[in-house]
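Please look at the sequence and the structure first.

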Amino acid sequence: MTSSIKFIATDMDGTLLNDDKALPADFYAVFNQLDAKNILFAAASGRQYQSLANTFEPIKDKMLFIAENGTLVMHQGKELYSSTIPTPEIHAIINSIKTIENTFIVLCGKNSAYTETIDKHALEEIKKYYHNLEFVNDLLAVDDEFIKIAVLNFNGTEALVYPIISPLYSQTHQVVISAKVWLDVMHKTASKGTAIKELQRIFNFTFEESMSFGDFLNDVEMLKETYFSYAMGNAHPEIKQLARFHAPSNNDQGVMTVIKEKVLN
């Protein structure tokens with residue numbers, strides 16, 4: 001069925017990783033089989049590039065990284081594609097987010113992520129996804145090339161952050177709920193799907209030769225840009241409706257199960 005696959009992209013949290021944030025036990029064995037068949041493999045995540053590269057340290061030069069929800073694409077330590085936001089726009093968005101109670105901001109640059117918070121609970125959550133993280137007194141004073149603003153609210157971003165930020169910025173930027181407690185603001189055209197379209201051009205593979213796995217709303221565009229689109233068993237209802245196919249849950253190693261059955265069999 002899927003012998004023509006040339007490219008596989010998978011989301012990380014809630015998809016490839018189990019709820020303990022661990023890779024499947026047989027991940028490297030499966031990856032080596034894909035590599036032997038010259039099938040490109042990409043981690044497509046809201047996570048920072050440096051965080052992803054650390055996770056896949058043994059094979060980081062053999063795979064692709066669609067980082068920060070598609071705003072930065074890296075291969076063998078080199079940038080293939082990025083989507084930046086002008087600093088004045090960044091400042092306006094930050095000032096808007098600061099009006100929302102119990103909300104923490106991560107400013108994502110190409111060099112590092114930045115936060116003003118000293119809240120221990122928030123920092124614990126932030127550090128799961130951002131290994132290069134700098135504490136700063138004033139986000140508005142940071143100098144970097146900015147690719148994303150990530151917003152953390154433990155009470156839920158879909159109910160408490162999106163209704164405020166979306167009316168202000170969804171006409172001019174991409175505003176996406178990336179997890180129950182996370183929301184991202186990016187360049188209007190930025191998404192995991194846009195990144196995959198760029199990779200299809202660079203590496204010369206097609207929509208029909210592409211496979212992807214996702215579980216949440218920041219995976220919508222990625223699933224739309226790949227014919228073999230899989231929703232995880234634990235996915236958001238909208239993702240299950242959108243995807244052509246379904247995989248077992250992240251805790252049941254659904255990504256590995258499908259790859260072994262459909263691509264390597």
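Predicted model: local features only at pLDDT ≥ 70, side-chain atom pairs only at ≥ 80, totals over all residues.

Residues are numbered from 1 along each chain as its sequence is written, and side-chain values use heavy atoms, with hydrogens and water left out.

**Sheet and hairpin**

Helices (H or I, at least four residues) and strands (E, at least two) are DSSP runs numbered from the N terminus, and two strands pair if DSSP finds at least two bridges between them. In these terms, 8 strands make up an open sheet of mixed pairing, in the order β5-β4-β3-β2-β1-β12-β13-β14. Its edge strands, each pairing on one side only, are β5 (78-82) and β14 (245-246). Strand β4 (residues 72-75) runs antiparallel to β5 and is joined to it by 4 bridges, and Val73 has Tyr81 in β5 standing opposite.

Strands β10 and β11 are joined by a hairpin through 2 residues; their pairing is antiparallel and extends over 6 bridges, with Val175 opposite Val185 in β11. Buried here means under 20% relative accessible area, exposed means over 50%, and partly exposed lies in between, with a 1.4 Å probe and protein chains only. Because 6 of the 7 residues of β10 are buried, this strand is largely enclosed by the rest of the structure.

**Pockets and cavity**

The spaces were found on a 1 Å grid over the protein atoms alone: a cavity is a set of points where a 1.4 Å probe fits but cannot get out, a pocket is an open set with protein on both sides within 12 Å along at least five of seven lines, and lining residues have an atom within 4 Å of a point. Grid points are joined across faces, edges and corners, and a volume is the space filled by probe spheres set on the points. For the lining classes, Ala, Val, Leu, Ile, Met, Phe, Trp, Tyr, Cys and Pro count as nonpolar, Asp, Glu, Lys and Arg as charged, and the others, Gly among them, as polar.

| Space | Volume | Lining by class |
|---|---|---|
| Largest pocket | about 650 Å³ | 7 nonpolar, 9 polar and 12 charged residues |
| Second largest pocket | about 170 Å³ | 6 nonpolar, 1 polar and 2 charged residues |
| Largest cavity | about 30 Å³ | 3 nonpolar, 4 polar and 2 charged residues |

The largest pocket holds about 650 Å³ of space, and of the 28 residues lining it, Asp13, Lys21, Ser178, Ala179 and Lys180 are the closest to its centre. At least two lining residues of this pocket come from each of α1 (12-16), β10 (173-179) and β11 (182-187). Domain bounds come from an automatic or database domain assignment, and domain 1 (7-82 + 190-264) and domain 2 (87-187) each give at least three residues to the lining of the largest pocket.

The second largest pocket is lined by Tyr162, Gln174, Val175, Val176, Ile177, Leu217, Val220, Glu221 and Glu238. Strand β10 provides the largest share of that lining, 4 residues, and α9 (220-224), like β10, supplies at least two. Here too, the lining draws at least three residues from each of domain 1 and domain 2.

The structure holds 1 cavity of 30 Å³ or more. Residues lining the largest cavity include Asn69, Gln174, Val176, Lys192 and Glu221, and at least three of its lining residues come from each of domain 1 and domain 2.

**Three serine residues**

Contact means heavy atoms within 4.5 Å. Ser45, in the loop between β2 (40-44) and α3 (49-55), is buried with a relative accessible area of 1%; its contacts, leaving aside neighbours within four places in sequence, include Asp11, Met12, Asp13, Asn69 and Lys192.

Ser51 lies in helix α3 and counts as buried at 0% relative accessibility. Not counting residues up to four places away in sequence, Ser51 touches Lys128, Tyr129 and His131.

Ser96, in helix α4 (residues 87-97), is buried with a relative accessible area of 14%. Leaving aside neighbours within four places in sequence, Ser96 is in contact with Ile165, Leu168 and Tyr169. From Gln33, Ser96 is 63 residues apart in sequence and 47 Å apart in space, C-alpha to C-alpha.
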